[in-house]
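Hi,

Here is the structure I promised to pass on. Have a look at it first, and then read my notes below.

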Amino acid sequence: MKAHSPEQNGMESGGGVWRFSADRPLRLDSGATLAPLEVAYRTYGQLNADRSNAVLVMHALTGDQYLASTHPVTGKPGWWTRMVGRGLPLDPDRFFIICANVLGGCMGTTGPGSSDPATGAPWGLSFPVITIADMVRAQAMLVEALGIETLFAVVGASMGGMQALQWAADYPERIFSAICIAGAARHSAQNIAFHEVGRAAIMADPDWRGGAYEAAGVRPEKGLAVARMAAHITYLSEAALQRKFGRELQRDGLSWGFETDFQVESYLRHQGTSFVDRFDANSYLYITRALDYFDLAAAYDGQLAGAFARARDVRFCVLSFSSDWLYSTAESRDVVRALNAAGCRASFVEIETDKGHDAIFLDEPALDSALRGFLASAAERRGLA
Amino acid sequence: MTAALREDFREILRLTPAGARVLDVGCGEGDLLDLLARERGVDGQGLEISAQGVAACLARGLAVVQGDADRDLDSFPTRAFDMAILSKTLQQMRDPRHVVSELLRIADRAVVSFPNFGHWRVRWALLARGRMPETRTLPNPWWSTPNIHLCTLHDFLALTDDLGLVIESCAALSEGRPARPIDPRSVLENWRAEAAVFVLRRG
């Protein structure tokens, strides 16, 4: 089950695919069950003797388990190599770091591209609709399978941050601390609206074929690329776009046509076309739907504090970015107020940056130092050297 | 950190029981919370308006929320803390009355310190020079001071009476000198004390 391979930074890394057989079905919020279930994951570092140093990192919408490993499709470095590595806030010499591909994903965990055991064909749109809580259930199954009773920390940004909050609501006794970066306790109307644009683009692509594109031997690449282009704008800020591109042209002079005149167009087109190489259109539909359905307070009569009522012993760290308009500081502040109301131990800071939501992945020293400080003090309390 | 501030901290340290659950409102870079955590093993939570202050606190491993005391105290549940501290911040609040009453809703005891606008140097500056005072405890000119709601010891007493609060103790603070227990109702102390620290509880 555990295959070791040499990784960048000389880190010890492992992982594989955990298969939960049909006698351990995953019960979904929709009422459906999913079995068998496969969860693909990577690990970095080693679990200590008392199994107290495990950290679960949860990826964003289009992320995957290749947290600090070379991506098998793109050949690019892992998505958070600036946070995970020797001497970095998430140091594999101290922590056993796990990152799993999300339920509904397309990098090895069961999703709409997996085979429906009833037919042997890809699920496509017959895959059940999933939620953030379902994703967390699948993660909890993996963590348990790995022999970890209590995670030292759950860490996530964006959708990963929502999962961190869901962990605190559903499994507070199984986590020591929770870090939510640029997240929210629910999807706003604007968030849903942007996702609907992406889904509409995919579904408008004739190659989507009602979700059954794989059987037809085609892929809705154009639609998926447009979805990515629209979404990518929401990850940036106006200031960052202006700083990076302004009105700079690709060549001397305008084309007086519809070629990529502006550098920002070229950048977005590149984001779109490179995305389709590594992502599946149906996964995009299912995961964006899960995000849209996310409203942590809904199960607690609309009182978000209720979600954290059992999490008083969990140490929380909530971080937001000043120029993030996708999951704004106001959303994080709502989470913090609910944590305060529930009597939870919480830290919160809004990090000043013009990089927008994307600051999660970019050079933002204030983010590093906040995480480093929070993790160090939590580790001390947890008795981790 | 000025010497007067250190006296403030020393007195608060003396007043803090070991292991108490403490909320420090306007905790700055966490100097006081850090001191209380090290010396008293308190379970501390801070509230601070500046991102820079909160970042410094996080780097020291303190639990601090970025927020505005005037607005965000409302989100804390009733009697969540043993002690709430407002160290030389009262005079910077937009609504000091609301803040003091919130402190004693959230915590069983409140420790509040502030510069005394009844101090003789302040009175002298106004009386003799006809100018807004610039003193050791109030060093800024009127147009740049963050201190927007200044009060005297007796003004504060009137507020605590109005809110039905009990004064457990009071001490005068002066730069470079140990805190001196005083009767805040004394007319003389309203002239003498540069700053004061009150321990309050609900009546």
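Leaving aside neighbours within four places in sequence, Ser283(A) is in contact with Gly104(A), Gly105(A), Cys106(A) and Pro112(A), where contact means heavy atoms within 4.5 Å. Ser283(A) sits in helix α7, residues 281-293 of chain A. Helices here are DSSP runs of H or I with at least four residues, strands are runs of E with at least two, and both are numbered from the N terminus. Ser283(A) counts as buried because its relative accessibility is 0%. Buried means under 20% relative accessible area, exposed means over 50%, and partly exposed is in between, using a 1.4 Å probe and protein chains only.

Before going on, a word on what you're looking at: this is a predicted model, where local features need pLDDT of at least 70 and side-chain atom pairs count only at pLDDT 80 or more, while totals for chains, interfaces and linings use all residues. Residues are numbered from 1 along each chain as its sequence is written, chains are lettered from A and ligands numbered from 1 in the order in which they are written, and side-chain values use heavy atoms, with hydrogens and water left out.

Back to helix α7: Ile287(A) is found there too. At 1% relative accessibility, Ile287(A) is also buried. Once neighbours within four places are set aside, its contacts include Leu61(A), Val102(A), Met135(A) and Phe279(A).

Now the cysteines. How many disulfides does the structure hold? Zero, over all chains, with a disulfide being a pair of cysteine sulfur atoms within 2.5 Å. Take Cys99(A): the closest cysteine sulfur is in Cys106(A), 13 Å away, so that is too far for a bond. Cys99(A) is buried, at 0% relative accessibility. In chain B, the sulfur of Cys170(B) has its closest cysteine sulfur in Cys151(B), but 11 Å is too far for a bond as well. Cys170(B) is buried too, with a relative accessible area of 7%.

Finally, zoom out to chain A, which has ten helices and eleven strands. Of its 385 residues, 57% count as buried. Among contacts between residues at least 6 apart in sequence, 72% join residues at least 24 apart. The C-alpha atoms fill a box of roughly 65 × 50 × 50 Å, taken along the principal axes.

Happy exploring!
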